[in-house]
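Here's a quick briefing to read alongside the model. Have the viewer open as you go.

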Amino acid sequence: MKKLLLIFVFTLTISSCYAQAFEIIKVIQADSISASNLYGIAKDWIVHSFPSPQKVIQVDDPTRNYIACKGTIDYSKGFMTYAAYTGYVDYTLIIEARDGRIRVQITNVCHRNIPPGSASCSLGLILETDKQFTKGSLKGFNNNVCKDIKIRIIKLAQDVFPSIEDYIKSPTSSHNEEW
């Protein structure tokens, strides 16, 4: 019985150490467009969507049709009790193209606050779980901020995904070579 309990506790501990990072993924169908053309369209979309594309593109691999960008949004919960959490939410936008489809992923969502906020109010990597923080006097505040950040990233995805899809389907995007 002790061995069974020990195995259960060990398994629970290991699984909690490997919690899943929060991410949102969408596959956009683009029939009859090659992977290399979709890669070019995605790169054009980045150029048109970010004020300084050369600063946000972290990985640009045309042989794999893969682009990874770093993005940042300002963060403030809007209530005085959450002022210590004011700062930034960083994320990675990954775009991978295959023949006839493109995968867009928002991942590596991280919160960092700005001074004079306490270091304990800088939450780091945001996880899928609803109760990311289970200990400490700030766990309720921390979990509320995590929930709010997830809502904001979902709203970001609701803007980004249709924007890329519309750009791919737009007759003025770069895959239209009749100019």
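What pLDDT does the chain average, and what share of the residues score at least 70? The average is 87, and 85% of the residues score at least 70, pLDDT being the predictor's confidence in each residue on a scale from 0 to 100. This is a predicted model, in which local features need pLDDT of at least 70 and side-chain atom pairs count only at 80 or more, while totals for chains, interfaces and linings use all residues. Residues are numbered from 1 along each chain as its sequence is written, and side-chain values use heavy atoms, with hydrogens and water left out.

**Where to be careful**

**Overall layout**
- The chain has four helices and six strands, taken as DSSP runs (helices H or I, at least four residues; strands E, at least two) and numbered from the N terminus.
- Along the sequence they run α-β-α-α-β-β-β-β-β-α.
- Of the 179 residues, 37% are buried, meaning under 20% relative accessible area with a 1.4 Å probe, protein chains only.
- Among contacts with a separation of 6 or more, 58% link residues 24 or more positions apart.

**H2 against H4**
- Helix H2 (residues 35-49) packs on helix H4 (residues 139-169) at about 120°, with the axes 10 Å apart; axes are lines fitted to C-alpha atoms over the stretch in contact, and angles run from 0 to 180 degrees between N-to-C directions.
- On the H2 side, Leu38, Ile41, Asp44, Trp45 and His48 meet Val160, Ser163, Ile164, Tyr167 and Ile168 of H4.

Conventions: Contact = heavy atoms within 4.5 Å. Buried < 20%, exposed > 50% of the residue type's maximum accessible area, 1.4 Å probe, protein only.
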